[in-house]
Amino acid sequence: MAEKSRSERNIQPKEPKEPEDRSLPILPVRDTVLFPHAVLPLTVGRESSVQLINSLGEDKTIVVVAQREARVDAPQASDLYTVGTLAVVHKVVKMPNQSLFVFAEGLERVRLAEFTQLTPFMRGRVDPVPEAIPPKSSEVEALQRNVLTLFQQIVAGSPTLSDELSTVAMNIEEPGRLVDFIASSLPSLSTADKQDTLETTDVRVRLEKINHHLAKELEVQQLRNKIQSEVQDRVQQTQREYYLREQMKAIQKELGEQDEGARDTEELRQKIENAGMPDEVKKEALKELGRLSRMSPMAADYSVTRNYIEWLAILPWAKTSGVEVDIPKAKEILDTDHYDLQKVKDRILDYLSVRRLKPGMKGPILCFVGPPGVGKTSLGKSIARALGRKFVRLSLGGVHDEAEIRGHRRTYIGALPGQIIQGIRRAETKDPVFMLDEIDKVGRDFRGDPSSALLEALDPEQNSTFRDNYLDVTFDLSKVLFITTANMLDPIAEPLRDRMEIIELQGYTEEEKVHIAFQYLIPRQVDENGITPEQIEFPEEGVRHVIRHYTREAGVRNLERNIGTICRKQARRLAEGKHDRLVVTKEVVQELLGGIKIRSEGEIAERTKRAGVVVGLAWTPSGGDILFVEANSMKGKGGFTMTGQIGQVMQESMQAALTWVRSNAVQLGIPAGAIPKDGPSAGVTMATALVSLLTARAVRPLTAMTGEITLSGNVLPIGGVKEKVLAAKRAGVMHVILPAENRTNVEEDLTPEQLENVDIHYVKTIDEVLTLALPSTAVEERLDEEEREKVLHEQPVS
């Protein structure tokens, strides 16, 4: 606030009386501090303040005090600072909204002594606050000059402060008045800092405080000016580049030349013409190209639009593999790459035959289901080689985001097409063999359902018009041969499963694994480990020993790992200077791989010696497996206890088995009760275990069984027959008991080689099962009456 002398204002205020002798009206103000010798316009709007101004007579003296909190509408004595300014009111102007505009001049600092009135406005007595004026010294003078210089620099660099402030400040000689003037003139100084300056009576300290504030303000101002200057320079540089670019365009136009942007546009146009797009897609591409040509390369959407056009132009809209189908050659390739798998090969050759007769047919959607390591993915590569097509593989394991399949919309930063369109681009043809691996492991969460997004791509009736979110135009996927793989069918959504042709790949028998080992695994591992066939020899007995005693799996992955381990051991021997040929006999296998890991035949024979233990067969995602169902009894109250992690279906099987045994206890000569262990389709197994325990008859050696029973004792058919029979054979089982209704599954799914050394027994009732599994001998007759009474008081537990 520029200070003016009284002569300049031509106002002669009355000399105020001594303040301590009388009570003065107190005017609270918000966010404002009035300094001595300063004139300040005040807006008075509160009813109490208006009454205070209107009550003034000839004596216009008041006390102006700042509020501690500006939000308080009706301040009390405790809401005011204790130090204020004695002021005189020169002029009052009434405003249309009933408020007053008051011009007040500060006279001196005063301290509130006591309040004599609180309503309708405050009055009180005040005491003057004398200033501690320092004696003149070179140090005080230097400090005063530094304050003045800083203030002048701030005024010069601020667009909001008048230059007259510097002139007024130069004419003030008293250091105390100079500090008060600068503090009242700085808008950046907070109300709390201004009040602190008002309350500081020591002029030297006041100079130091204002000097600190001015130095900080000058630093902030210089930084702000620097930022503003840099922004302005960038804007000017952009404008300069724009003008130069326009001039360059004009010059090139006069010379008949094209600029770089025009050349890019023409190249993209040529790509669009050569891409063989459908008319609808070509129309959209040319439309976007027109937008691009009118766009500045500096525009935010320029790169987005250009990437979109490039994606449209690079996709193989009309490019096919163009290879003539050769059925004998395709059969030769499939037989070379894979042993057995006859059903799968026949299906592929059927498709190729039909495609040769009708080239425009739609591609089938095949789903290979089987345990790990049976060759699902490698079979897809062989199919691509047999067809003469490119092979593309996409792993769906753990995919949660629907956009991974259908792409992101172009409105998103960094948007890209989905993995299907990206795979087509990598293949560079519109009819590749596209493998979607691990389709049973697709996730689902708040980001979408990828399985639902696959429905359109894997539906032969819909995928000719597949629409990716990024492209937003249709792409024909009907010529793509989609092959999916899965370990289990259950996790696959039913609508998706309905669109695929399921081809099951069961596990391999020992004979098949031997052939695979000699034909594929051993040559590959010998080559990968840097040795030659002359340096290592795998006799058949050694390979069979590895298969029987070091692996128990449906596939051949662990078999290949063990063969690789043996090859690495030989490589190490060669590196150590032992150059003799290694013959992998049984003894060598045990030396290199350690002790025997699996003892199937011995384990089954040993565990089934005692009554109550039966070998069951189960299906797992990794193929079939055997399991031991055990029953035991102990003294108790005749209760029935099940142990293990057993689901509801297994509990029902147990209850059915127990019910049948109890209902036939008289014929069997046994008391009721026994405990089966966990195992799918194990109703007959559990019933046999109960009868075996309670009649003290051990099950026939190397015998396994599977099947469900009803309460009346009928044996029901089960699934996974091939996996279970192969698991039994791998474990050394010689007799397998199956439901009679599964005879067709055995005849269709199992070859004579797979059934070699295994006898299949078909049964319709549980009586037939017991006859086969529990042969009667003189030693194994029914319990006598005394033993039966003893068992009746025993409690079965697992």
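**Close-up 1. Helix 13 gives the largest pocket the largest share of its lining, five residues.** This is a predicted model, in which local features need pLDDT of at least 70 and side-chain atom pairs count only at pLDDT 80 or more, while totals for chains, interfaces and linings use all residues. Residues are numbered from 1 along each chain as its sequence is written, and side-chain values use heavy atoms, with hydrogens and water left out. Helices (H or I, at least four residues) and strands (E, at least two) are DSSP runs numbered from the N terminus. A pocket is an open set of points on a 1 Å grid over the protein atoms alone, where a 1.4 Å probe fits, with protein on both sides within 12 Å along at least five of seven lines; lining residues have an atom within 4 Å of a point. The lining here comprises 26 residues, and H338, V374, G375, K376 and S378 lie nearest the pocket centre. Two or more lining residues come from each of helix 13 (376-387), strand 12, helix 18 (510-528) and helix 20 (557-575).

**Close-up 2. F151 and F181 form an edge-to-face pair.** Rings of Phe, Tyr and Trp (its six-membered ring) pair if their centres lie within 6.5 Å; planes under 30 degrees apart count as stacked, over 60 as edge-to-face and the rest as tilted. Six aromatic pairs turn up in a search of the whole structure. In this one, the ring centres are 6.3 Å apart and the planes meet at 75°, so the pair is edge-to-face. F151 belongs to helix 3 (residues 138-157) and F181 to helix 5 (residues 175-185), so to speak two distant parts of the chain, 30 residues apart. F151 is buried (under 20% relative accessible area, with exposed over 50% and partly exposed in between; 1.4 Å probe, protein chains only), at 0%. F181 is buried too, at 3%.

**Close-up 3. F434 and F482 make a tilted aromatic pair.** Their centres are 5.6 Å apart, with 35° between the planes.

**Close-up 4. T160 sits in the loop between helix 3 and helix 4 (164-170).** With 67% relative accessibility, T160 counts as exposed. Its C-alpha atom is separated by 9.4 Å from that of P187, 27 residues apart along the chain.
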